[in-house]
Amino acid sequence: MIFNKHTARKTAEVLLQINAIKLQPKDPFTWASGWKSPIYCDNRIVLSYPPIRNYIRETMAKQIEKQYEKPDVIAGVATGAIGIGMLVAEYLGLPFIYVRPEAKSHGRQNQIEGHLESGQNVVVVEDLISTGKSSLNAVKAIQENKGNVKGMIAIFSYDFQVARDNFEKSGIQLLTLSDYESLLEQALHTNYISTKEQDILASWNANPSEWNAN
């Protein structure tokens with residue numbers, strides 16, 4: 001769920017400006033899963049543009065305070081959300097941890113890097129939500145280490161039904177700065193895409209695993 005439409009459209013606008021999101025309905029990408037996709041999103045690019053990363057950092061931080069007051073800890077999901085998560089934590093003056101997909105096989109064998117005390121309130125920061133599985137894996141790791149996850153905030157979500165189902169089952173609230181619907185609205189408004197291309201992009205989102213560009 002987005003915070004509000006203005007923030008969602010503004011966030012979509014800046015992500016398109018720096019090519020953090022690319023829309024190519026006529027020349028689709030191939031994801032690691034094998035899916036053909038007319039969109040590719042890499043929000044780590046945000047870190048290379050100070051004005052935009054500051055906008056993302058401050059908007060996320062203010063929304064966290066509005067929704068959850070001030071948690072004890074900010075957690076980033078490795079690797080994509082480490083950078084922006086740390087910036088949000090710095091802005092709020094809070095401790096930061098990050099969560100690996102799985103525990104290391106050497107050393108202290110940590111899955112969580114940083115200091116987390118039992119019972120501390122944690123807000124998890126993500127850069128991108130697709131199915132939500134890797135994000136919720138991080139939540140599970142924090143909970144298993146006796147952290148209290150208040151919710152998750154992400155820059156962008158594809159807003160797949162499977163992700164909505166996964167978060168609903170988990171009982172974790174997901175809030176995002178922008179989402180797929182807002183992206184298409186902004187891209188059409190700025191003539192980044194045509195109405196026909198908007199229809200193609202919408203059809204992909206409805207059934208991404210079966211979508212064919214032809």
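Thr59 is found in helix α2, which covers residues 50-68. Helices (H or I, at least four residues) and strands (E, at least two) are DSSP runs, numbered from the N terminus. The structure is a predicted model, in which local features need pLDDT of at least 70 and side-chain atom pairs count only at pLDDT 80 or more, while totals for chains, interfaces and linings use all residues. Residues are numbered from 1 along each chain as its sequence is written, and side-chain values use heavy atoms, with hydrogens and water left out.

Thr59 counts as buried, at 13% relative accessibility. Buried means under 20% relative accessible area, exposed means over 50%, and partly exposed lies in between (1.4 Å probe, protein chains only). Leaving aside neighbours within four places in sequence, Thr59 is in contact with Thr7 and Leu177. Contact here means heavy atoms within 4.5 Å.

The protein chain as a whole comes to seven helices and 10 strands. Its C-alpha trace spans about 50 × 35 × 30 Å along the principal axes. The radius of gyration is 17 Å, which agrees with the value near 17 Å for a compact globule of 214 residues. This radius is taken over C-alpha atoms, and the globule rule is 2.2 Å times the number of residues to the power 0.38. Of the 214 residues, 50% are buried. Among contacts with a separation of 6 or more, 64% are between residues 24 or more positions apart.

The next topic is charge. The chain has 22 positive and 23 negative charges, and their mean positions are 3 Å apart. Lys and Arg count as positive and Asp and Glu as negative, whereas His and the chain ends are not counted. The place of a charge is taken as NZ of Lys, CZ of Arg, CG of Asp or CD of Glu.

The structure holds six salt bridges. A salt bridge is a side-chain nitrogen of Lys or Arg within 4 Å of a carboxyl oxygen of Asp or Glu. The table includes three of these pairs.

| Salt bridge | N to O distance |
|---|---|
| Arg9 and Glu185 | 3.8 Å |
| Arg44 and Asp42 | 3.0 Å |
| Glu113 and Arg100 | 3.1 Å |

Arg9 forms a salt bridge with Glu185. Arg9 lies in helix α1 (residues 5-17) and Glu185 in helix α6 (residues 180-189), so the pair ties together parts that are 176 residues apart in sequence. Arg9 is partly exposed at 23% relative accessibility, and Glu185 is partly exposed at 26%. Lys5 is linked with Arg9 and Glu185 in a network of salt bridges.

Arg44, which pairs with Asp42, is partly exposed with a relative accessible area of 43%. Glu113 pairs with Arg100. Glu113 counts as buried at 13%, while Arg100 is partly exposed at 24%.

Helix α6 also has buried residues: Tyr180, Ser182, Leu183, Leu184, Gln186 and Ala187. Their cover includes α1, β1 (21-23), β4 (39-41), β9 (148-157), β10 (174-179) and α7 (195-206). After α6 comes Asn191, whose phi is positive, near 65 degrees.
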